[in-house]
Amino acid sequence: MWTTLKAHHAAVSDRRFEMMLDGARAADFSAMAGDMRLDYAKTNIDADGRALLLDLLDKTGVAAKRDAMFTGAPINETEGRAVLHTALRNLDGGPVHVDGADVMPDVLATLARMGDFAESLRSGAYAGQGGRITDVVNIGIGGSDLGPAMGVLAMAPYHDGPRCHFVSNVDPADVAQVLRSCDPTTTLVIVASKTFTTIETMTNARTARAWMSQKVTDVGAQFVALSTAADKTAEFGIDPSRVFGFEDWVGGRYSMWGPIGLSLMVAIGRDAFHAFLRGAQAMDVHFRNAEWSENLPALLAVVGIWHNQICGYATRAVLPYDNNLSRLPAYLQQLEMESNGKGVSMDGADLQVSSGPVVWGEPGTNGQHAFYQLIHQGTRVVPCEFLVAARGHEDALHHQHQLLVANCLAQSQALMKGRDLAEARSKVADKFEGDELDRQARHRVFPGNRPSVTLAYPQLTPFVLGQLIALYEHRVFVEGVVLGLNSYDQWGVELGKELATALQPVVEGTQSAAGKDGSTVGLVDFLQAHGV
Ligand code: F6P
């Protein structure tokens, strides 16, 4: 399956793809989902390469797996679970069955309860001991933090509810800094944890409870839980009326559409949150119905596979020219790397190709003044994913937005075109001559022929944010199916957790470090000598 593609790559890898790029290619190598446009014309994929890549989807049964996912089959085989985050945005309420039972009535009932609660907070009807809730602190980590934290930032122009803060790290600096800025009598704490056992979250939740109990008599009334573990939320003392539950078929990194999104709903309101869900639902419909050659998640996936598994480019930069998406790269790091960063295929055999790429990035134009040097002139190729809106939300500053867009388009052009030695020489010919001219010019050469894709959309509204995140989720799904791995478990995070638990008494000094490796013993000694 991979051999033909690799042979095709070998045959075309020296070609400069700019030479193929005319108007017809630009149209052919672009696709639309609603009014979102994906342009992948600035890559070395040609029509034959695309056909081979799309053939991978048929050979690996992506369509059947996709339908199995949407209809509640237990495709998370290592945990024996369905994968149904799509049910959380199935607003139009068609039935979705897990083990013979329709899950939609419960999903919609929870969404309605979330909406009522969020609106009562926003209106002041549900208040704290000191009056109207001014601050909401979401305590969670990984999928119970990154989605809502990214979303609240992304939706800043729509934020008209209480201030939202996010505490994730077990580092006391995180919780201390957030609590310092809040008044306990007007703060609501949301403890967001699918399992309600995660050590960072439970430790921070206890710290927040102690902080609040110094000033508030009925602390429980200002605590909310988002979890699948009703028994544990009760043990923590949170009244069931303020527990928003979900099922184990919602993976942590896929959970911002349901209760884990409560802080986002509080920030932007019920209606805007529903628009966010509708955007995702529209992408679900597109993913289920569009031909592969027009299907944005499928196309993004095959471009990713081409660059990573076929060309061997190990990383991918996500570069939003949309400052409100500043946490998107961090969000995608969990979504993509926790999902597809695996070396074993579903049947237990070693993976035949590399696992998913290292994903990283920063918003433009900031990144231009930091790491773009390496992207343009470094020895490794970094495929780039640009995101850009036609309009911002600052109408009076539209000229700045136009400058932002020009920068985005310029970067993908520069990556593709590069600058050869002759042109570089002409740029400095008035300053240098002879060997020095040559030497100086060589530093100014850009190899070019560096691939990128661009996702363009009219404006980052709640609907578009929903489209975008669902697009990335489905892209990860398609890549995972083609690679033959399980995108929905995360065994790779377990070993470190176990060892941290074992090391805690050693660090605290209640247990000897004897028997640990020499490096760890040396570090423990050093840290203890300095007061840990
Ligand atoms: O450690 C990884 C992980 O399990 C993630 O997959 C998850 O999003 C995060 O921890 C938080 O888990 P929980 O929501 O159960 O606290």
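I count a polar contact as a pair of N or O atoms within 3.5 Å. I am working on a predicted model.

**Entry 1: the ligand**

I started with the ligand. Which polar side chains reach its oxygen atoms? I checked Thr-198 and found a polar side-chain atom 2.5 Å from an oxygen atom of the ligand. Thr-195 also puts a polar side-chain atom by a ligand oxygen, at 2.6 Å. For Lys-497, I read 3.1 Å between an N or O atom of the side chain and an oxygen atom of the ligand. I then looked up how much of the ligand is covered. Taken alone, the ligand exposes 390 Å², and the protein buries 88% of that. I listed the surroundings too: 14 residues surround the ligand. The closest are Ser-144, Ser-193, Thr-195, Thr-198 and Glu-338.

**Entry 2: salt bridges**

How many salt bridges does the structure hold? I get 26. I followed up several of them.

I took Arg-15 and Asp-46 to begin with. Their side chains meet in a salt bridge, 2.9 Å from N to O. Arg-15 sits in the loop between helix H1 (2–12) and helix H2 (23–28), and Asp-46 in the loop between strand E2 (36–39) and helix H3 (47–59), so the bridge ties together parts 31 residues apart in sequence. Are the two partners buried or exposed? Arg-15 has a relative accessible area of 23%, so I log Arg-15 as partly exposed. Asp-46 has 13%, so I log Asp-46 as buried; the cut-off for buried is under 20%.

Next I looked at Arg-81 and Asp-248. Their closest N and O atoms are 3.6 Å apart, in a salt bridge. This pair links distant parts of the chain, 167 residues apart. Arg-81 is in the loop between helix H4 (62–70) and strand E3 (97–98), while Asp-248 is in the loop between strand E11 (243–245) and helix H10 (262–268). Arg-81 counts as partly exposed at 24% relative accessibility. Asp-248 is partly exposed at 37%.

Then I checked a bridge between helices. Asp-116 and Arg-270 form a salt bridge with closest N and O atoms 3.1 Å apart. Asp-116 belongs to helix H5 (residues 104–123) and Arg-270 to helix H11 (residues 270–289), so the pair ties together parts 154 residues apart in sequence. Asp-116 is partly exposed, at 46%. Arg-270 is partly exposed as well, at 23%.

I also noted a network of salt bridges. It links Arg-316, Glu-336, Glu-385, Arg-475 and Glu-479.

**Entry 3: aromatic rings**

I searched the whole structure for aromatic pairs and found 13. I opened Phe-196 with Phe-236. The ring centres are 6.1 Å apart and the planes stand at 85 degrees, so I call the pair edge-to-face. Phe-196 lies in the loop between strand E9 (187–192) and helix H8 (199–213), and Phe-236 in the loop between helix H9 (230–235) and E11, so the pair ties together parts 40 residues apart in sequence. Both Phe-196 and Phe-236 are buried. Elsewhere I logged one aromatic cluster, formed by Phe-70, Phe-287 and Phe-477.

**Entry 4: a surface patch**

Which residues form the nonpolar patch on the surface? I find Val-507, Leu-523, Phe-526, Leu-527 and Val-532, with about 460 Å² of accessible area together. Helix H20 (residues 518–529) gives the most to the patch, with 3 residues. Val-532 is placed in the segment after H20. At 56% relative accessibility, I count Val-532 as exposed.

Conventions
Residues are numbered from 1 along each chain as its sequence is written. This is a predicted model: local features need pLDDT of at least 70, side-chain atom pairs count only at pLDDT 80 or more; totals for chains, interfaces and linings use all residues. Side-chain values use heavy atoms; hydrogens and water are left out. Patches are made of residues with over 30% relative accessible area and no salt bridge: like charges are joined within 9 Å, nonpolar side chains (Val, Leu, Ile, Met, Phe, Trp, Tyr) within 5 Å. Accessible areas come from the Shrake-Rupley method with a 1.4 Å probe; for residues, only the protein chains shown count as cover. A salt bridge is a side-chain nitrogen of Lys or Arg within 4 Å of a carboxyl oxygen of Asp or Glu. Helices (H or I, at least four residues) and strands (E, at least two) are DSSP runs, numbered from the N terminus. Buried means under 20% relative accessible area, exposed over 50%, partly exposed in between (1.4 Å probe, protein chains only). A residue is near a molecule or strand if one of its heavy atoms lies within 4 Å of it. A polar contact is a pair of N or O atoms within 3.5 Å; within protein, one must be able to donate a hydrogen and the other to accept it, and residues adjacent in sequence count only if both atoms are side-chain atoms. Rings of Phe, Tyr and Trp (its six-membered ring) pair if their centres lie within 6.5 Å; planes under 30 degrees apart count as stacked, over 60 as edge-to-face and the rest as tilted.
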